[in-house]
Amino acid sequence: MSADSALPVPAALPARPAPPAAAAAMAATTSPLATDAGTAAADLLASAHAAHQLPERIAREHLRLAQRQVGRIPLPYVLIDGFLCWLVIRLDLTGPALVWVAALLTLQVWRWRAVHGVFADTVADPAPVLRRLSQCLLGLGLLRVAMVPLLFAQPVQPEHYMFTLVYLGMIAGTSASVGGQIRPFMAYGAMVGGSLALAWALMGGPGGPWLGLLIVCLLVVLTLHLRDQAVGLRQFVKLALDNERLAESLRAARDASEAASQSKTRFFAAASHDLRQPLHALSINATTLELLGTRQSNPMIKDLSHSINRALAQSNGLLDSLLEISNLDANAVKPQLQTVDIGALLAAVREEFAPLAAQKGLALRIDLPAAGSAPVLALTDPTLLRRILINLVGNALKFTVQGNVTLSARHPAPGSGPAGRLGVAVHDTGPGIAPAEQAHVFEEFYQINNTARDRSLGLGLGLAIVQRTAALLNAPLQLHSTLGQGTTLTLALQPAALGEPAIDSDGGGAAVEPGMLSGLRVLVVDDELEIQHSLRGLLQQLGCEVHIAGGSAQALARLDAGFAPQLLLVDHRLRGEQGTEVITALQSRLGPVPAVLVTGDTEPALMQRARAAGHRIIHKPVHGQLLARVLLELAPAQRGSA
């Protein structure tokens with residue numbers, strides 16, 4: 001049965017010189033105490049805001065209930081009031097009945113229009129709408145009360161009982177539609193139900209007082225029910241607000257985590273540049289020294305250069321680990337999937353580490369399917385997979401004192417890992433990893449038995465890099481280790497279809513020799529005098545014709561003077577300009593001349609832009625042998641067109 005809806009009117013609502021790049025990145029961070037204090041203050045403000053929102057949200061819920069009740073069923077109201085009018089007419093009260101029902105219908109239409117087109121979630125202020133509905137409820141109550149004396153002025157007949165039954169049904173329906181608001185319901189119920197109870201008690205004959213008492217009891221029961229409903233509605237709205245606040249806190253925590261990750265990436269990028277710059281010149285000079293030792297057949301110079309290179313290799317390795325994990329965290333590394341001959345790749349890695357294994361008295365083995373079997377082919381990125389294997393083999397050799405390290409590959413087999421995957425494993429006979437430590441070895445900077453932070457044992461980033469890179473390749477990584485019996489790390493790779501051409505993944509490079517780039521014309525753009533001298537010396541030892549410029553203006557002047565470089569070697573961070581801009585300006589004059597961008601930055605956006613433009617990127621500090629091999633790789637076609 002339909003009911004009159006009414007909602008109460010809620011209370012009104014209260015209305016210095018710039019620091020180095022790394023230092024600047026660190027200065028942008030916030031202290032933990034300040035962060036905790038800010039978080040506490042934000043929580044207090046959020047709590048106060050939630051308490052302030054509660055009355056308004058409850059009012060919006062009242063409006064939503066009213067819309068469902070009033071806006072959804074206007075026709076039943078007309079039918080009910082028409083039925084009541086018919087009952088009154090049967091008691092020979094035709095004139096008053098018609099006036100009464102006309103007034104009721106007019107008020108019902110006015111109430112329907114009050115909520116029609118109003119959206120509880122978007123209306124600026126629900127108070128005026130609720131006020132109109134409250135006024136409408138009072139008007140409906142007065143109209144219904146006005147009919148009771150006229151009706152009971154007549155002798156009690158069956159129509160009186162039917163009229164009372166309909167009124168009681170409407171009172172019960174109104175209790176359901178006011179959304180737990182006790183006061184408006186009590187006002188409406190006291191007027192309508194109270195007038196009925198009084199009429200029956202005074203004019204209803206011998207049984208009238210009992211019927212009046214039952215009506216009063218019904219009003220009390222409905223009022224108690226409404227009290228529980230009001231408590232439930234308030235708790236529901238409060239819970240909804242708490243959930244919204246929690247969701248907002250989670251969003252803020254997520255944003256803070258992402259901001260912290262980006263800040264870490266920026267810090268690594270800036271710190272990398274500041275730290276790599278002096279090492280860059282030293283690395284170039286060390287290679288030049290080695291070439292001089294080769295020319296002069298002076299073993300002391302060669303030994304000195306090798307010693308410098310070993311120290312640089314250790315420093316470079318630490319910085320490269322920071323660079324690599326920064327790139328992986330920033331999603332700057334995109335795998336290039338190809339068909340890779342795993343056997344050839346394992347052989348290349350073994351060849352690279354064979355001298356180290358021999359120096360430690362360890363056997364470095366390869367375990368592949370028997371001769372005559374199909375080659376082990378995987379669909380993966382050969383460069384990223386090689387980095388994983390280099391990390392794993394380097395770790396195994398570092399911690400194994402006696403025995404062997406074995407690289408193995410197996411075709412997919414039931415029970416050997418994820419279904420349909422081929423297994424590539426590195427096994428050692430080292431000390432093994434305790435079960436309690438196995439869950440932590442993939443964390444950054446976590447090292448077992450290196451409390452003194454011995455730099456020769458690395459930073460503790462190798463396995464963190466391995467895990468991230470394996471995830472990037474969608475190659476699940478499994479660790480099996482027993483104390484005293486060694487460790488096995490297994491990658492589950494996607495097999496490639498037989499018959500697909502496998503790339504050459506031996507990763508080898510030509511030996512660096514004096515004069516190996518004879519006749520190659522190179523334009524070097526760098527604004528550091530020390531690095532200019534270092535690069536000039538190295539490139540001249542390699543046989544290059546070298547011109548140096550400190551920026552784009554000097555570089556263009558070299559072109560105007562008649563120098564036609566076959567290759568550009570450009571530093572990224574120049575005074576007032578960027579290396580990518582310089583390369584663009586030079587290539588607009590020279591055409592598609594190969595360019596090598598040298599940078600100490602690790603910012604992913606830079607690498608993506610440079611690669612998209614087709615530039616080769618090498619990171620500081622650049623080992624002279626690597627630079628020579630990169631130039632050799634880019635040089636042949638250019639030298640042929642000299």
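1. Two strands are taken to pair if DSSP finds at least two bridges between them. In this predicted model, strand 2 (residues 363-367) and strand 4 run parallel and are joined by five bridges, with I366 standing opposite L407 of strand 4.

2. Strand 4 also pairs with strand 5 (residues 422-428), this time in an antiparallel arrangement with six bridges, and here the bridge partner of L407 is V426. Six of the seven residues of strand 4 (residues 404-410) are buried, so this strand is largely enclosed by the rest of the structure.

3. Helix 10 (residues 342-359) and helix 11 (residues 382-399) have axes that come within 10 Å and cross at roughly 35°, and the crossing is right-handed. The residues that meet include L345, L346 and V349 from helix 10 and L389 and V393 from helix 11; by class, this contact has 14 nonpolar, one polar and two charged residues.

4. The largest nonpolar core has 37 residues, and those with the most contacts inside it are I342, L389, V393, V424 and L493. Elements giving two or more residues to this core are helix 10, helix 11, strand 4, strand 5, helix 13 (462-472) and strand 7 (486-493), with helix 11 providing the largest share, eight residues.

5. Which residues does L389 touch, leaving aside those up to four places away in sequence? They are L345, L346, V349, V424 and V426.

Conventions
Residues numbered from 1 in each chain as written. Predicted model: local features only at pLDDT ≥ 70, side-chain atom pairs only at ≥ 80, totals over all residues. Heavy atoms only, no water. Axes fitted to C-alpha atoms, helices over the stretch in contact; angles between N-to-C directions. Helix = DSSP H or I, 4+ residues; strand = E, 2+ residues; numbered from the N terminus. Left-handed = near helix turned anticlockwise from the far one by under 90°. Contact = heavy atoms within 4.5 Å. Nonpolar A, V, L, I, M, F, W, Y, C, P; charged D, E, K, R; others polar. Buried < 20%, exposed > 50% of the residue type's maximum accessible area, 1.4 Å probe, protein only. Core = buried A, V, L, I, M, F, W, Y, C linked by side-chain atoms within 4.5 Å.
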